[in-house]
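Visitor: Could you show me the structure, please? I would like to talk through its voids and its interface.

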Amino acid sequence: MSSQDQVNTLTTYSGLGAIEHFLEKQARFVLLLPAVILLAVLFVYPIIYTIDLSVHNVNLLNVARGGWPFVGLDNFYDALTNADFIHALWVAVFFGGASLLLEVVLGMILALTFNRAFVGKNFLMTICLLPMMMTPIAVGIFWRLLLNSQWGIVNYFIGLIGIPRQAWLGDPILAQVSVIGVTFWWQVSFSFLVFLGGLTALPVEVFEAASIDGASRRQAFRYITLPLMIPVILVVIVMRLIDAFRAFDVVYALTDGGPGNSTEVIALQLYDTAFRHQNFSQAAALALFLSVLMLFLTALLLRALRARYSGIDGAERSPAL
Amino acid sequence: MTRRQAHIATMTFVYVFLFFMLAAWSLPPLWMVLTSIKDPGITFSIPPVWFFTPTLENFQAIINRPFFFQYLMNTIVISIITSVIELLLGAMAAYSLSRYRTGGSKMMFLLLGFRTFPYVLLGVPFYIIFTRLGLIDNIWSQIAANTIVGLPFTIWLLVPFFDDIPYELEEAAILDGCSRYGAMWRIAFPLAQAGLVVMLILNFMGTWNNFFFPLILSTQQAKTMTIVASEFITDDQALWGNLAAMGTLLLIPPIFVVFAFQRRLVQGLTLGGVK
């Protein structure tokens with residue numbers, strides 16, 4: 001106990017002084033309080049509200065009235081046996097997985113390319129940041145212009161090398177390819193930047209030793225860089241898989257789930273259920289099911305992050321973790 | 001091959017590769033910008049016209065639409081209020097977490113966990129709660145929704161900035177008669193300025209870019225720019241120039257921010273992966 005504390009315990013306070021003293025002593029909680037209250041009101045309460053919605057039947061007709069009929073777990077049963085929902089779940093996983101594969105491969109190539117000093121590096125890093133920061137709706141808009149089957153410039157360019165026009169957003173398969181391609185274009189810098197951070201944190205000594213032992217650059221990559229980078233790669237994979245379940249804006253602007261339901265990702269399906277069909281209870285059940293799935297993936301991510309920050313350089317841990 | 005030749009070969013490869021990446025990243029948005037300043041007569045020319053006299057006709061058309069400035073102001077006001085609330089509450093909480101280690105590393109992981117929460121899931125309860133409160137089509141419902149999205153991550157990202165500030169400075173201030181809060185406000189906050197500014201910008205951009213909350217929480221009065229842009233999406237080619245102009249307007253703040261703050265943004269975007 002410091003002398004300051006002793007003085008405080010011996011003094012009695014009254015009135016305003018007591019409040020001041022209380023605020024001063026409890027600063028750690030007082031400072032946290034506003035954020036905690038906000039999280040309780042705008043996060044915890046809505047989640048509880050969602051649980052309540054999911055066991056009742058709430059739709060367009062009775063949403064404003066209240067007095068919703070209790071239906072138990074029917075909404076969950078309906079949601080999980082609904083073919084559209086299962087389809088949307090797979091579309092999201094498939095899109096996420098396909099784009100992720102491209103992102104990891106090209107992101108790694110880019111990171112290896114950038115892992116040296118060269119003229120114009122800073123400028124190019126800036127350009128890399130651009131797609132990630134762009135308004136997702138705008139990204140959807142300009143790709144919609146580019147991919148238009150009649151006037152789009154993509155068809156013009158492939159026409160120059162003799163490939164006939166394609167209905168990029170009109171054909172179910174090509175629309176899926178387009179969504180994957182645009183997602184890849186938009187998000188590849190994320191894996192690139194995380195990989196670059198990982199590469200620059202690798203210990204130089206190991207590579208020096210390997211080159212003295214006569215290892216080629218290819219061997220050094222295969223046997224040193226790749227194994228050391230696995231925790232970083234895991235972080236990117238889990239992070240982007242989680243993103244796959246959140247993808248909404250770009251798909252909304254690009255295809256709005258069409259043609260048919262070929263690009264109807266899970267977030268779009270949830271939006272349609274709740275706001276186009278006004279079936280709020282069903283949407284709440286879907287949302288809760290997805291939350292549990294996300295919780296699981298997030299737990300995986302946090303494990304991967306722990307491994308990443310203690311695995312690469314135990315000495316210099318990120319101060320945040 | 002000598003070392004020098006090998007080096008030149010590598011660097012040639014690097015530059016050729018990077019040239020293609022640069023083209024792939026800049027041409028798609030650039031094409032939209034070009035479309036937005038083209039005369040409607042040449043918007044659909046095939047082969048495309050690359051050089052032309054620019055016109056602001058498309059921008060004039062969208063600015064002259066009813067309520068354009070109201071929607072622009074909505075977006076700016078919502079973004080500013082949201083990012084300031086997030087910064088203030090986030091910095092206070094982060095200061096507490098940094099100085100008292102409240103919750104320890106478990107708390108930090110919990111906060112990071114919020115980063116991955118799919119906020120589309122909050123759409124349903126928000127819509128119903130705000131409908132019953134009569135706050136649909138009111139900018140405050142959007143401010144509330146956006147704030148909760150960014151707050152946990154704001155706290156998470158600010159803690160290390162406070163960790164870097166030596167506590168002795170505040171201790172000295174407290175001994176000189178400064179209150180705990182005074183020390184935080186006069187010493188810790190100014191010293192953590194770099195982190196606070198980055199967070200303010202990231203949160204402003206997050207709200208500016210947000211599409212989902214205005215989509216469900218606004219009907220007429222409280223619309224934002226992303227909603228207006230989405231309403232331009234149509235297969236009617238006559239409005240292509242307008243659509244491109246709207247998309248271009250949306251991109252002005254992100255592009256400005258990236259060029260002005262690039263190095264500082266990298267850390268925030270990659271979960272602290274790049275220092």
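Visitor: What volume does the largest cavity have?

Guide: The largest cavity has a volume of about 1,400 Å³. On a 1 Å grid over the protein atoms alone, a cavity is a set of points where a 1.4 Å probe fits but cannot get out, and lining residues have an atom within 4 Å of a point. Grid points are joined across faces, edges and corners, and a volume is the space filled by probe spheres set on them.

Visitor: Which residues are the closest to its centre?

Guide: They are Pro136(A), Trp186(A), Asp243(A), Arg246(A) and Arg115(B), out of 48 residues that line the largest cavity. Please note that this is a predicted model: local features need pLDDT of at least 70, side-chain atom pairs count only at pLDDT 80 or more, and totals for chains, interfaces and linings use all residues. Residues are numbered from 1 along each chain as its sequence is written, chains are lettered from A and ligands numbered from 1 in the order in which they are written, and side-chain values use heavy atoms, with hydrogens and water left out.

Visitor: Which helix gives the most to that lining?

Guide: Helix 9 (residues 193–209) of chain B does, with seven residues. Helices here are DSSP runs (H or I, at least four residues), numbered from the N terminus. The lining of the largest cavity divides into 30 nonpolar, 12 polar and six charged residues. Ala, Val, Leu, Ile, Met, Phe, Trp, Tyr, Cys and Pro count as nonpolar, Asp, Glu, Lys and Arg as charged, and the others, Gly among them, as polar.

Visitor: Asp243(A) was on your list. What does its side chain meet in a salt bridge?

Guide: The partner of Asp243(A) is Arg240(A), at 2.9 Å, N to O. A salt bridge is a side-chain nitrogen of Lys or Arg within 4 Å of a carboxyl oxygen of Asp or Glu. Because Arg240(A) and Asp243(A) are three residues apart in helix 11 (residues 217–246) of chain A, about one helical turn separates them.

Visitor: How many salt bridges are there over all chains?

Guide: The search of the whole structure finds eight, while the count between chain A and chain B is zero.

Visitor: How much area do the two chains bury between them?

Guide: About 9,400 Å², 79% of it on carbon and sulfur atoms. Buried area is the accessible area (1.4 Å probe) that two parts lose on being put together, summed over both.

Visitor: Turning to the second largest cavity, what is its volume?

Guide: Its volume is about 50 Å³. Among the residues that line it are Trp151(A), Tyr156(A), Trp31(B) and Lys38(B).

Key. 1 Å grid on protein atoms, 1.4 Å probe; cavity = no way out; pocket = protein on both sides within 12 Å on 5 of 7 lines; lining within 4 Å. Helix = DSSP H or I, 4+ residues; strand = E, 2+ residues; numbered from the N terminus.
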